[in-house]
Amino acid sequence: MSTEESLSSSFTVTNSLSGKLSDVTSSETHYNAEKLSESGSANAQGGGYGESSKIIAARASSGSSISDSTESTSSNFCSNNNKPHKANDKSWDAIQAIRIRDGVLGLNHFRLLKRLGCGDIGSVYLAELKGANCCFAMKVMDKGSLASRKKELRAQTEREILASLDHPFLPTLYSHFETEKFSCLVMEYCMGGDLHSLRQRQPGKHFTEQAARFYASEILLALEYLHMLGVIYRDLKPENVLIREDGHIMLSDFDLSLRSIVSPTLVKSSTLDGQRVPAYCIQPLCVVSSCVQPACTQPSCLIPSLILQRSKKNRKPKSETGYQLSPLPELVAEPTGARSMSFVGTHEYLAPEIIKGEGHGSAVDWWTFGIFLYELLHGKTPYKGSGNRATLYNVVGQPLKFPETSGVSFAARDLIRGLLVKDPLQRLGSKRGATEIKHHPFFDGVNWALIRSTVPPEVPQPFELESIEHRNSPASSTENSQNADLNSSGSYLDFDFF
């Protein structure tokens with residue numbers, strides 16, 4: 001049999017897939033800088049592994065980005081030797097067993113069950129590893145489409161970023177392989193859907209402050225890790241935050257991310273007489289603008305004056321206490337030197353510096369983090385207008401406002417104000433990254449070291465592979481079966497991938 005005949009062999013999937021994989025690239029509209037000023041509409045998509053309306057128009061990027069010059073280092077199998085967080089994952093063992101048996105992992109080892117989402121450069125499918133009872137999320141990209149739309153570099157950058165990740169709140173890339181026409185990424189599957197869908201199911205379509213703090217804390221740690229690697233995410237939104245089976249989150253979709261150079265350093269903690277100095281004032285009466293900027297460090301605004309007036313003679317000497325508390329150094333890993341002129345993102349989440357074309361760096365992630373927290377707490381984004389142009393105008397020219405009936409605490413509003421400072425140089429997190437933000441009073445009580453032991457606000461229902469197979473069987477889905485030829489020998493479809 002020739003290579004072409006072999007590649008054109010049929011593949012077995014359930015009858016929920018009624019179209020060919022050549023249609024993996026969505027018809028989602030994209031905007032460049034010229035079209036953006038003329039058009040005021042975009043198609044937004046929800047659901048797990050999906051994408052909302054993105055703006056993608058690269059103007060130019062500075063030399064700090066290494067995406068354009070880095071060669072692809074992805075291989076057919078991503079070893080778990082350098083991913084200790086997944087060392088005991090049975091999915092690794094299942095893939096390794098296939099690789100040992102057959103030498104290479106390929107598309108023929110998987111059964112695609114249903115499409116989970118559709119994005120700019122590919123579609124994501126729920127894929128079962130045959131004979132292993134393991135499910136994965138497989139992102140399938142049409143190589144011809146990537147080449148014709150000049151998206152190959154974005155796909156390569158995403159693949160390289162995924163291969164470098166080892167973090168409990170970021171995805172694991174189990175394998176990458178290619179066929180003649182398709183490039184496939186095998187990642188972990190999150191059964192809980194996305195945070196956008198979960199928010200829609202909440203009373204009032206917004207989370208409680210306690211739940212919002214939980215999700216924001218885990219996202220903050222994920223962004224901190226990415227920045228430590230020199231990765232600027234640039235596409236934070238609830239649709240890209242997935243819920244794992246244990247209720248904790250996973251940040252997904254890295255095709256808009258920027259890679260840059262970063263030098264992590266350890267610095268002394270900011271302390272005053274043994275008391276940590278918050279970055280923001282939390283006195284309800286202190287609402288002048290200077291108190292919602294990182295520069296607000298007036299002593300009267302931070303700790304009681306009695307503590308400041310405490311004299312040395314009133315303190316116990318070291319010999320009496322037996323030890324003296326010394327603040328631990330803090331890790332600062334912010335890629336402050338990164339610069340890009342690319343015009344990318346989602347309308348309601350775009351930072352002002354991106355819209356104005358002034359170039360942007362890592363501070364855009366802290367802007368989107370502020371929009372993200374606002375949406376979790378209020379059920380909507382703060383600058384949304386009647387159309388895309390109105391939204392962009394509001395982001396640049398309108399002040400931040402909170403609903404009059406908002407029951408959100410002062411600390412939460414204060415944090416959002418600090419993150420949504422329009423000047424990126426004055427924005428909370430712009431200098432010391434997540435270290436600044438974690439010290440904000442909104443996160444008081446969060447045990448960062450043991451955050452994975454925190455009970456999530458909601459845990460998804462157990463995932464049952466059999467139920468998906470039953471729903472997608474010919475007997476239970478006659479509508480889908482009309483669009484494809486059924487395999488007479490079983491409940492799956494003969495699906496011609498090539």
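Contact is taken here to mean heavy atoms within 4.5 Å. The model is a predicted one, in which local features need pLDDT of at least 70 and side-chain atom pairs count only at pLDDT 80 or more, whereas totals for chains, interfaces and linings use all residues. Residues are numbered from 1 along each chain as its sequence is written, and side-chain values use heavy atoms, with hydrogens and water left out.

Under this contact criterion, and leaving aside its neighbours within four places in sequence, Glu-224 is in contact with Ala-434, Thr-435 and Lys-438. Glu-224 is placed in helix α7, where helices (H or I, at least four residues) and strands (E, at least two) are DSSP runs numbered from the N terminus. With a relative accessibility of 18%, Glu-224 counts as buried, a term that denotes under 20% relative accessible area, as against exposed for over 50% and partly exposed in between (1.4 Å probe, protein chains only).

Two packed helices are described by the angle between their axes and the distance between the axes. Helix α7 (residues 209–228) packs with helix α11 (residues 363–378) at an angle of about 165 degrees, the axes being 10 Å apart; axes are lines fitted to C-alpha atoms, for helices over the stretch in contact, and angles run from 0 to 180 degrees between N-to-C directions. The two helices α7 and α11 are therefore roughly antiparallel, a description applied to angles over 145 degrees, with those under 35 counted as roughly parallel, 65 to 115 as roughly perpendicular and the rest as oblique.

From α11, residues including Trp-367, Gly-370 and Tyr-374 meet Ala-412, Leu-415, Ile-416 and Leu-419 of α13. Helix α13 is mostly covered, as eight of its ten residues are buried, among them Phe-410, Asp-414 and Gly-418. The cover over the buried residues of α13 includes α7, α11 and α14 (434–438).

Twelve aromatic pairs are found in the structure, a pair being rings of Phe, Tyr and Trp (its six-membered ring) with centres within 6.5 Å, and counted as stacked if the planes are under 30 degrees apart, edge-to-face if over 60 and tilted otherwise. The ring centres of Phe-136 and Tyr-174 lie 5.1 Å apart with planes at 75 degrees, so this pair is edge-to-face. The pair links distant parts of the chain, with Phe-136 in strand β5 (residues 134–142) and Tyr-174 in strand β6 (residues 173–178), 38 residues apart. Both Phe-136 and Tyr-174 are buried. The rings of Phe-442 and Phe-443 also form an edge-to-face pair, because their centres are 5.1 Å apart and their planes stand at 80 degrees. Phe-442 counts as buried at 1% relative accessibility, and Phe-443 counts as buried at 2%. One aromatic cluster is formed by Trp-92, Phe-110, Phe-136, Tyr-174 and Phe-177.

Charged side chains also lie over aromatic rings, the criterion being NZ of Lys or CZ of Arg within 6 Å of the ring centre and within 35 degrees of the ring normal. Arg-213 lies over the face of Phe-442, at 4.6 Å from the ring centre, and Lys-438 lies over the face of Trp-448, at 5.5 Å from the ring centre.
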